[in-house]
Amino acid sequence: MKDWRADKLLPGGIIPKGGTAREYKTGGWRSSTPKWDEEKCKQCLICWISCPEGAVLVKDGKVRGIDMDYCKGCGICAKECPFNVIEMAEG
Amino acid sequence: MKDMSKKRIVATTGASTVAEAMRQINPDVVVAYPITPQTAIMENFSQFVANGIVNAEYVTVESEHSSMSACIGSSAAGARVMTATSSQGLALMHEMLYIASGMRLPIVMPNVNRALSAPINIHCDHSDSMGARDAGWIQIYSENAQEAYDNTLQAIRIAEDKRVMLPVMVNLDGFIISHGIEKVEFLEDEKVKNFVGEREPLLPLLDVNNPVTYGPFDGLGGFFMEHKKNQADAMERSREVILEVADEFAKISGRKYGFFEEYMLDDAEVAIVTLNSSAGTTKYVVDELRAKGLPVGLLKLRAFRPFPAKELAEALKHLKAVAVLDRAISPGFTGPLFGEIKSALFDLEKRPRLINFIYGLGGRDYTLHEASKAFETLMDVAKTGKAKKTMDYLGLKEVEVLA
């Protein structure tokens, strides 16, 4: 299955590898964008737990930003943040 | 101790013959949700599970939508999977039926044909399976308990064949066959085991060393339409597989199957086309009328999907008149089988006259009287070359309809 490409069909639309969602950049769906304020962030990680796309970037236990390749702009992080450090901007 | 490996001829119900086929197949996963009249199959099978004589993972779920979902998951994982249903249960599975066939999962499901409500009714008709006509499932019909057993065994091979990889629905008439007692011949366990073999799944989901993705999105920029053509092509290829499997089954059982059975059809001038148990009653009347010298015959369709249009046209072309019996109705059209037989005959230079009888809805009896009535009308159509009515009802009570 090494020579598989999307235009080489397998029955039922099977893709002979896993983790394919990573290759599908859903950031293009976004019509509003979260603006995260690093200064005010208390690092509670509630945004990271709440994000349905896993687009909140965390390293060494700290939020480092939001991955715009995958963020769909749903606004759940902004809604859930107890310290209002995420705001949704248009576009 | 009773030796279970010997060939047995027993008197039993259609439901228990199907359960016996399932015991001998011994699937990896059996998913069950009860619905009359299918319940008898699963009751029997659950006893095999309780007695420890099958290895199947027996999953009881909270609805038929869930039962087909569980079948889909298990089949994608690589298991050999079976379930059974009827009527409202099949209707509740409806959206999942398309997912099973679209993901090319060889699930085998006996469907004990029962009417769909309303009015509420638990008895036999074919409105359940006819409603699932376009779901991409292979549909096979069984005249009696023996055929239900034989078809269930063959369904495993047809479904899992690499040229096919499609789910198969084995239909048998609710109560008439599922609960009626008949003589049935069972094959030896070992013969069945060798016949069905083991499933060799293509890219199973549970092969953790080779991860695969099932059910991905396939939108505007993708290949949805190509996948659908691929699926339709597989259904086309199932034609040869159905015949090959039937040949192989004949070698171990002595019982021959094809797309349909022709009964006294070669030299007939008029014939009935029907599905399932009504064929048995019709054969009896064919014999009676033949004894009186009348040129009558029967064609009993076994494979409804794939639909053997070419072969049907060849088998029916010499007839003067054909009556298609439908145990279902498509309001605003005719019976569903009638429309399909009609289209199968369209390309013939000279076509038989065709009439449609709706019979047996909600379990209404189809007796020798109804079969005789159908042949009587057919003989008249053959003689005059005209049908008074294209579609009519058999066994309809005369009642006043108030509004």
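Student: How many salt bridges does the count give between chain B and chain A?

Tutor: A salt bridge is read from the distance between a side-chain nitrogen of Lys or Arg and a carboxyl oxygen of Asp or Glu, with a cut-off of 4 Å. In this predicted model, the count between chain B and chain A is zero. Polar contacts are present, however: four residue pairs, both members at pLDDT 80 or more, are in polar contact between the two chains.

Student: Which helix of chain B gives the most to the side that touches chain A?

Tutor: Helix α9 of chain B, residues 224-253, does so, with three residues. As for composition, this side of chain B divides into 10 nonpolar residues, four polar and two charged.

Student: How many residues are in contact between the chains, and what area is buried?

Tutor: A contact count tallies residues, whereas buried area is the accessible area lost when two parts are put together, summed over both. Here, 16 residues of chain B are in contact with 16 residues of chain A. The buried area is about 1300 Å², and carbon and sulfur atoms give 72% of that. L203(B), T213(B) and H227(B) supply 37% of the area that chain B buries against chain A, more than any other three residues.

Student: What area do the two domains of chain B bury between them, and how many residues are in contact?

Tutor: Domain 1 and domain 2 of chain B bury about 2100 Å² between them, with 53% of it on carbon and sulfur atoms. In residues, 30 from domain 1 of chain B are in contact with 26 from domain 2 of chain B.

Student: How many salt bridges and polar contacts are found between the domains of chain B?

Tutor: The rule finds four salt bridges across this interface. The side chains of R133(B) and E340(B) meet in a salt bridge at 3.2 Å, N to O. The polar contacts between the domains of chain B number 20 residue pairs, both residues at pLDDT 80 or more.

Student: Which elements give two or more residues to the side of domain 1 of chain B that touches domain 2?

Tutor: They are α6 (127-131), β6 (138-141), α7 (145-160), β7 (168-173) and α9 of chain B. That side of domain 1 of chain B divides into 12 nonpolar, 11 polar and seven charged residues.

Definitions and conventions. Residues are numbered from 1 along each chain as its sequence is written. Chains are lettered from A and ligands numbered from 1 in the order in which they are written. This is a predicted model: local features need pLDDT of at least 70, side-chain atom pairs count only at pLDDT 80 or more; totals for chains, interfaces and linings use all residues. Side-chain values use heavy atoms; hydrogens and water are left out. Contact means heavy atoms within 4.5 Å. Buried area is the accessible area (1.4 Å probe) that two parts lose on being put together, summed over both. A polar contact is a pair of N or O atoms within 3.5 Å; within protein, one must be able to donate a hydrogen and the other to accept it, and residues adjacent in sequence count only if both atoms are side-chain atoms. Helices (H or I, at least four residues) and strands (E, at least two) are DSSP runs, numbered from the N terminus. Ala, Val, Leu, Ile, Met, Phe, Trp, Tyr, Cys and Pro count as nonpolar, Asp, Glu, Lys and Arg as charged, and the others, Gly among them, as polar.
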